[in-house]
Amino acid sequence: MAQFHLYSNSHNKHSTSSEPIIDVNRVDSEHVPLCSVNDVQLRFLVPDDLAEVRTLCQDWFPIDYPLSWYEDITSSSRFFSLAAVYNLAIIGLIVAEIKPYRNLNKEDKGILPDNMGKTADIGYILSLGVHRKHRRNGIASLLLDALINHLTTAERQSVKAIFLHVLTTNQPAILFYEKRRFSLHSFLPYYYHIRGKGQRDGFTYVTYINGGHQPWTLLDHIKDYASKLRHTGEVFKWVSTRVRQVVRWICHKTVSRFNFAH
């Protein structure tokens with residue numbers, strides 16, 4: 001069976017059973033290099049992928065998902081479900097969705113400033129994984145780049161951030177996201193309930209796009225105020241210089257006319 005790593009699938013202990021859960025199996029170091037990353041094709045999941053995806057997910061995750069979940073990620077426009085295919089087999093997968101920020105769960109609030117969050121959307125990565133035999137070939141980055149490119153088009157400027165949940169013990173995923181400029185946002189104690197393994201802690205990681213930014217701290221406000229003062233000083237200096245130039249020009253013209261009259 002195939003197995004994925006660099007995963008970050010979230011399953012809150014309070015969430016519905018249709019949401020994904022994270023695979024907690026450790027991944028070994030073996031990998032099979034691809035001939036070229038150009039040999040990998042990216043395509044969206046289609047209904048015909050349901051059986052293959054379901055078989056893979058039953059191996060990846062320690063829970064059984066309802067058939068409706070697989071139907072959604074392989075057919076619903078609600079999800080950005082992109083597969084990396086090599087030799088006709090799915091070797092990588094990313095599933096994400098766009099949500100209104102105001103509809104996020106309580107534990108996910110605080111990613112954006114309140115005034116920005118009122119009208120903003122946010123991208124949520126449910127799952128990102130690469131087959132263990134094909135990792136370290138840039139497949140995860142290829143999939144993530146495709147999502148970021150999708151969310152930074154002119155039509156999706158309302159999406160101000162991308163976030164995800166990950167087990168605190170999933171070091172490969174954490175290192176991957178940190179290298180991709182995701183930053184730790186919050187610690188989620190007992191966030192995951194893993195079948196047969198009890199409760200596990202999680203992290204929220206986030207990266208900002210389309211002009212989005214984290215809520216400002218007091219220090220951020222002080223820096224902004226100082227920047228505005230500095231800018232105001234520069235504007236005042238520019239205006240003063242222009243005024244002096246105009247005054248000198250007027251004086252020169254006045255003196256010139258006076259000398260001409262005499």
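Which residue forms a salt bridge with Asp145, and how far apart are the closest N and O atoms? I will come to the answer in a moment, after a word on what we are looking at. This is a predicted model, in which local features need a pLDDT of at least 70 and side-chain atom pairs count only at pLDDT 80 or more, while totals for chains, interfaces and linings use all residues. Residues are numbered from 1 along each chain as its sequence is written, and side-chain values use heavy atoms, with hydrogens and water left out.

Now to the opening question: the partner of Asp145 is Arg180, and the closest N and O atoms are 2.5 Å apart, where a salt bridge means a side-chain nitrogen of Lys or Arg within 4 Å of a carboxyl oxygen of Asp or Glu. Asp145 belongs to helix H4 (residues 139-151) and Arg180 to the loop between helix H5 (171-179) and strand E7 (183-194), so this pair ties together parts that are 35 residues apart in sequence. Helices (H or I, at least four residues) and strands (E, at least two) are DSSP runs, numbered from the N terminus. Asp145 is partly exposed at 31% relative accessibility, and Arg180 is partly exposed too, at 23%; here buried means under 20% relative accessible area, exposed over 50%, and partly exposed in between, with a 1.4 Å probe and protein chains only.

Let me step back to the chain as a whole. The chain has six helices and eight strands, and its elements run, from the N terminus on, β-β-α-α-β-β-α-β-α-β-α-β-β-α. Of its 262 residues, 42% are buried. As for confidence, the average pLDDT is 80, and 77% of the residues score at least 70, pLDDT being the predictor's confidence in each residue, from 0 to 100. Please be careful with residues 1-30, over which pLDDT stays under 50.

A search of the whole structure finds four salt bridges, and Arg78, Glu97 and Lys99 are linked in a network of them.

Next, is Ser81 buried or exposed? Ser81, which lies in strand E3 (residues 79-86), is buried, with a relative accessible area of 3%. A polar atom of the Ser81 side chain lies 2.8 Å from the backbone oxygen of Ile73. Leaving aside neighbours within four places in sequence, Ser81 is in contact, meaning heavy atoms within 4.5 Å, with residues including Phe44, Ile73 and Val95.

Gly212 sits in the loop between strand E8 (198-208) and H6, and counts as buried at 15% relative accessibility. Which residues does Gly212 touch, not counting those up to four places away in sequence? They are Met116 and Lys160, and the C-alpha atoms of Gly212 and Lys160 are separated by 4.4 Å although these residues are 52 residues apart along the chain.

Finally, we turn to helix H6 (residues 218-261), where Val239 lies. Val239 is partly exposed, with a relative accessible area of 37%.

Methods. Polar contact = N/O pair within 3.5 Å; in protein donor to acceptor, adjacent residues only side chain to side chain.
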